[in-house]
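Please take a look at the model below. The report that follows walks through its fold, its helices and a few of its residues.

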Amino acid sequence: MRQDLWFAERLRFWLWILGAIVAFGLVGLLLSALKAPPTLTWAAAAGAAVAGGWGANQVMQRYSKH
């Protein structure tokens with residue numbers, strides 16, 4: 001595997017993880033601050049993590065040139 005492809009795949013992976021963590025944290029923090037029920041907070045934060053990971057992957061694919 002070429003070095004540039006290896007780097008691009010690692011970057012895509014870490015952006016996906018970072019997007020999921022940031023979205024999970026922000027939604028969880030916001031709903032907790034609003035005193036939402038824990039069931040709603042966890043479900044919404046998990047959904048946001050999926051959306052955040054997907055969004056980060058879409059950004060990486062848009063700027064990927066291979």
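What follows starts with the whole chain and then turns to single elements and residues.

This is a predicted model, in which local features need pLDDT of at least 70, side-chain atom pairs count only at pLDDT 80 or more, and totals for chains, interfaces and linings use all residues. Residues are numbered from 1 along each chain as its sequence is written, and side-chain values use heavy atoms, with hydrogens and water left out.

**The chain as a whole**

The secondary structure comes to two helices and zero strands; helices (H or I, at least four residues) and strands (E, at least two) are DSSP runs, numbered from the N terminus. With a radius of gyration of 15 Å, well over the 11 Å that the globule rule gives for 66 residues, the chain is more spread out than a compact globule. That radius is taken over C-alpha atoms, and the globule rule is 2.2 Å times the number of residues to the power 0.38. The C-alpha trace spans about 50 × 15 × 15 Å along its principal axes.

Of the 66 residues, 26% count as buried. Here buried means under 20% relative accessible area, exposed means over 50%, and partly exposed lies in between (1.4 Å probe, protein chains only). Accessible areas come from the Shrake-Rupley method with a 1.4 Å probe; for residues, only the protein chains shown count as cover. Looking at contacts (heavy atoms within 4.5 Å), 68% of those between residues at least 6 apart in sequence join residues at least 24 apart.

**The two helices**

The expected span in the table is 1.5 Å times one less than the number of residues in the helix.

| Helix | Number of residues | First to last C-alpha | Expected span |
|---|---|---|---|
| α1 | 31 residues | 45 Å | 45 Å |
| α2 | 26 residues | 37 Å | 38 Å |

What covers the buried residues of α1 includes α2, and what covers those of α2 includes α1. On α1 the buried residues are Ala8, Arg12, Gly19, Ala20, Ala23, Gly28 and Leu31. On α2 they are Thr41, Ala45, Ala48, Ala49, Gly52, Gly53, Ala56, Asn57 and Met60.

**A closer look at some residues**

Which residues does Thr41 touch, not counting those up to four places away in sequence? They are Gly28, Leu31, Ser32 and Ala36. Thr41 sits in helix α2 (residues 38–63) and counts as buried because its relative accessibility is 9%.

Lys35 belongs to the loop between α1 and α2. Just after α1, Lys35 takes a positive phi of about 60 degrees, although it is not a glycine. Most residues other than glycine have a negative phi. Lys35 is exposed, with a relative accessible area of 72%.

By the rule used here (a side-chain nitrogen of Lys or Arg within 4 Å of a carboxyl oxygen of Asp or Glu), the count comes to one salt bridge. The side chains of Glu9 and Arg12 form this pair, at 3.1 Å from N to O. Both residues lie in helix α1, three residues apart, about one turn of the helix. Glu9 is partly exposed at 31% relative accessible area, whereas Arg12 counts as buried at 16%.

Finally, Trp6, Phe7 and Leu11 form a nonpolar patch on the surface, with about 300 Å² of accessible area together. Patches are made of residues with over 30% relative accessible area and no salt bridge; like charges are joined within 9 Å, and nonpolar side chains (Val, Leu, Ile, Met, Phe, Trp, Tyr) within 5 Å. Phe7 is placed in helix α1 (residues 3–33) and counts as exposed at 52% relative accessibility.
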